[in-house]
Structures are given as C-alpha cells and as structure tokens.
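Visitor: I have the sequence and the structure open. Can we go through it piece by piece?

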Amino acid sequence: MNITVIGTGYVGLVSGICYAELGNKVICVDKDPRKIEILNAGGIPIYEPGLKELAAANREAGMLTFTTDLQDAVRQSEIIILAVGTPPLPNGEANLSYINQAAIEIAEAMNGYKIIAVKSTVPVGTNERLAQLISAHTSERFDSISLPEFLREGSAIQDTLHPDRIIIGANSRSAADVMTLLHIPLTEQIVVTDIRSAEMIKYASNAFLATKISFINEIANICEKVGADVTKVAEGMGYDKRIGPSFLKAGIGYGGSCFPKDTSALIQIAGHVDYEFKLLRSVVEVNQGQRFNVIRKLENIFHGQLHGKTIAVWGLSFKPNTDDVRDSPAAEIIQHLVDNGVKVKAYDPVATDNFRAIYEINGVEWCSEAMEAAEGADALCLLTEWEEFSRVDLGRLQQVLKSPILIDGRNVFEEEHLLGTEFIYYSVGRPSLNQGVKEQMPVLQF
C-alpha cells in the first residue's frame, strides 16, 4: 500500500519506518526542514535502538522517503496517517492546534478518495470533529479512522512489529477492512470498534498502567514501614493472572510523553462531562510525591543540611534506552537540589543534550562519564535504570565518592552487589537492604 505519515516525532517516525519494513511504500512528512535534512542524510533525530538501521535498509530499498512536501505526499498515497503532537496545555487538556492544521492541509491536498487514520492521542470525539473540518475544506471522498498506538519508548520497534493488539475505530466497514489488511501481518489480535471507543481505549490503557505504577509505589512505601520487601510482594502478586507482573516495579514514579499527558487529559475529559475522576487524580498525586522520596532520604541522611553538598545524579531520561526527558523525575529532583544550594553533577548515556536543551537548569556540572559525575560527590542518586549502571564496580564507585552514599531510585542493585561495601544505601520498598537509612519498624498491634 502507499502510505503517508504526517509527523516524524516518536510515533510517526517509528510507525512510518515499520510500515515500510512490512513492504509498504511510505512517505514520512514533517514541516521541520531540519528533521527532514537529518533523516535524508541517514540520521535519526530521536534515540531508539535499531531504528537507524531499519530506516537505512528501507530507504535503500526504495520503500521509505522523507519530505516536507505534504501536498505531494498526500496525492501519492491512499492511506494518510496523522501522527502529529498533541502536547498538554497548561490546564492538562490536549493541544489540538497542530492536528487541526494538519487536517486542513491534508484536505486541501486531496486528489481522490483517502483513508485518514489518526494515530495521535486525542480526546474522545476528536476524530469526528476532524472529519467535519476536512469535509469543510474538500469535496473529495474520505473515511476517518482512529488508530491509537501503544508502543513503548526503548522497545518501539518490537512493540510496533509484534503488538499485543491493533485497535481500529471506524464507521466504514470497507475502510476498516483495508486497515485490517494493512495490519494483519503484525497480529491476528485486531479489534475493530466504533471511533469513540477506540479513542477511549488509548486513554484508559495508559491510565490503568499509570495506576499500577502508583499502586505499587504506595505498597513500597508501606513495605518500608512494616519491614516487607516490595519486590517479593510484586512477584507474588504478579503470578495472579488477574493482575500480571507488568508495571509492578517500584521506583520514583513514571514520566515521559504519554502517562503524565494522558492521565491529565483523561481527568479533563471526565471533567467536561461533569465527572470527577477521583482515582486518577490520586494516581497523579502519588506519582508526583514519589519522586521526592529521593530528596527526603537525602535530607534524612544529612540531617536536613543539603546546602553546600555535592550530589551526583545518574540518569536523566525518564526510562532507559531512550533520550526522551519529557516529565522526567530527574528534572524536578535536580531543580529542587539546585534551588537548595546543592552542587549537582549529572550524567546520562544519551539524554544529556536533550535534558539541557529542555530544562536549562543552572548550576549543574554535566559529565561525560558515570564515574566523572560520582567523583568527589557527597552522595549519588541513581534515577534511571540504564544497564550501564547495573554493571558498575561498586568497590570502585565507593572509592571515587567522597562519602559512600547511594540512593537507588530504581532498585537496580541487589544484596549480593552490596556485600563487602560500606555504602549507606537506600532503595525503594526494600528496607532489609537499606543500610544507614532504615525505617523505624513499628510494633504492630491488632
């Protein structure tokens, strides 16, 4: 099939390259000439393992091209996929200005029947409104499709080529059949539903996963008080098929471009229909507070005297294997430390440039190696579970730190790693491993 993907952000770029890998002829369009220049030169403007190689192979095969010419791309394709950004507004609602403009430009470029599929995450009812907007700017026939994405950064190619399911929201049976044919090489788990339900599935899925993360973090906080181990608790819970093991890893909370944006947007969607989503509001509140456990533990260790200390930070991206720093817990943690007179030395394997460009936090020493960041620091905070950090020699780390204090915000290390070291160690929800920052265990009375 001939496909045009509008938007070369995370979703659009990965989707376009993977559609080409399936044997479709794909044109990826973006208004940003700098992005297109990078892509045409063989580069990739985002960090995603394996994506550069996959793009190169499909460009060489003539199945994938990149352009700023939306009109020409639309006219060459039978399927148009909208994957432009819908960033949050200050009130939490999705900003639909970019997708509105793209829809108008598509309409004005149409030269015949098209299937227009919206892959961007949009509030319920947006597809119908976009269809009306397109109809107002063209007399050509088209069908509107909701095609929500569920890829995870860091494993996006795997998630796209081997998805758990494909959701197709459509009012046209024939258009749904075409989209089913496009995706059947990926999985037989294809759910065809009405457009509004498809839009809601995306929000509901992310809200539920965010809820699991906040839930296990609350359990972790209780574990610290009662002397239980949250990793053992999560393992035991995960064997229950009704619960499952995914997203039960305690830490400093979720971040990124999806969960924070989509939970806030769903709260707003509920508010517009006069419904207060109390559970999801609590999920967001718990997540916000969880990242400050790192600060609280540092204050506990240093008896509230953080001013003048040097703190090393390992990890700036919101998760490993990506350079995405949007709503990364590291941003608030570092900003709080700097605001309280702390010198921060920060390191991330790939995300440092993005972090500096987005957050512009003054008073941080940006390091090119992990040990460089740790050298001479009064404490180290591990905020992203990059594999590089799990392989570190803790004996050497202890030597380069001014004080052997390690705040493990992602539970990277196990008891055997710490044997023979003198670390004052804190992890999330594992009080038996914590050294020097143990909680006072209460006497439980019933």
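Visitor: Arg410 first. Buried or exposed?

Guide: Buried: this is a predicted model, and in it Arg410 has 9% relative accessibility, so it falls under the 20% cut-off.

Visitor: Where is Arg410 in the fold?

Guide: Arg410 sits in the loop that runs between strand 13 and helix 19.

Visitor: Which residues is Arg410 in contact with, leaving aside its neighbours in sequence?

Guide: Beyond four places in sequence, the contacts of Arg410 are Lys249, Gly251, Ile252, Gly253, Phe318, Pro329, Leu382, Leu383, Thr384 and Glu385.

Visitor: And how many residues apart in sequence are Arg410 and Lys319?

Guide: They are 91 residues apart in sequence, with a C-alpha to C-alpha distance of 9.9 Å.

Visitor: What about phi of Asn411?

Guide: Asn411 is not a glycine, yet its phi is positive, at about 55°. Asn411 lies in the loop between strand 13 (405-408) and helix 19 (415-418). With 6% relative accessibility, Asn411 counts as buried.

Visitor: Asp327 next. What is its phi?

Guide: Phi of Asp327 is near 55°, again a positive value in a residue other than glycine.

Visitor: Where is Asp327, and how does its accessible area come out?

Guide: Asp327 belongs to the loop between strand 9 (310-314) and helix 14 (329-339). Its relative accessible area is 33%, so it is partly exposed.

Visitor: Which residues of helix 14 are buried?

Guide: Pro329, Ala330, Ala331, Ile333, Ile334, Leu337 and Val338 are buried in helix 14. Pro329 is also among the contacts of Arg410.

Visitor: What covers those buried residues of helix 14?

Guide: The cover includes helix 13 (293-301), strand 9, strand 10 (343-347), helix 15 (352-359) and strand 11 (364-366). Just after helix 14 comes Gly341, with a positive phi of about 80°.

Visitor: Change of topic: the largest nonpolar core. Which residues touch the most other members?

Guide: Ile145 and Met179 do, in a core of 41 residues. Helix 1 (residues 10-21) gives the most to this core, with eight residues.

Visitor: What is Met179 in contact with?

Guide: Setting aside neighbours within four places in sequence, Met179 is in contact with Ile79, Ile115, Ala117, Ile145, Leu147 and Ile168. There is also a second, separate core, of 40 residues, which includes Val230, Ala234, Ala331 and Ile334. Ala331 and Ile334 are among the buried residues of helix 14.

Visitor: Why would nonpolar side chains be buried together?

Guide: I can only give the general rule: in soluble globular proteins, nonpolar side chains tend to be buried together.

Visitor: Now the whole protein. How many helices and strands?

Guide: The protein has 19 helices and 14 strands. Its radius of gyration is 24 Å, close to the 22 Å that the globule rule gives for 446 residues, so the protein is as compact as a globular protein of that length. Along the principal axes, the C-alpha atoms fill a box of roughly 70 × 55 × 35 Å.

Visitor: What share of the residues counts as buried?

Guide: Of the 446 residues, 54% are buried. The protein exposes about 20,100 Å², and carbon and sulfur atoms supply 50% of that area.

Visitor: Last one: how many positive and negative side chains?

Guide: There are 40 positive and 57 negative side chains, and the centres of the two sets lie 2 Å apart.

Definitions and conventions: Residues are numbered from 1 along each chain as its sequence is written. Side-chain values use heavy atoms; hydrogens and water are left out. A nonpolar core is a set of buried Ala, Val, Leu, Ile, Met, Phe, Trp, Tyr and Cys residues joined through side-chain atoms within 4.5 Å. Buried means under 20% relative accessible area, exposed over 50%, partly exposed in between (1.4 Å probe, protein chains only). Helices (H or I, at least four residues) and strands (E, at least two) are DSSP runs, numbered from the N terminus. Contact means heavy atoms within 4.5 Å. The radius of gyration is taken over C-alpha atoms; the globule rule is 2.2 Å times the number of residues to the power 0.38. Accessible areas come from the Shrake-Rupley method with a 1.4 Å probe; for residues, only the protein chains shown count as cover. Lys and Arg count as positive and Asp and Glu as negative; His and the chain ends are not counted. The place of a charge is taken as NZ of Lys, CZ of Arg, CG of Asp or CD of Glu.
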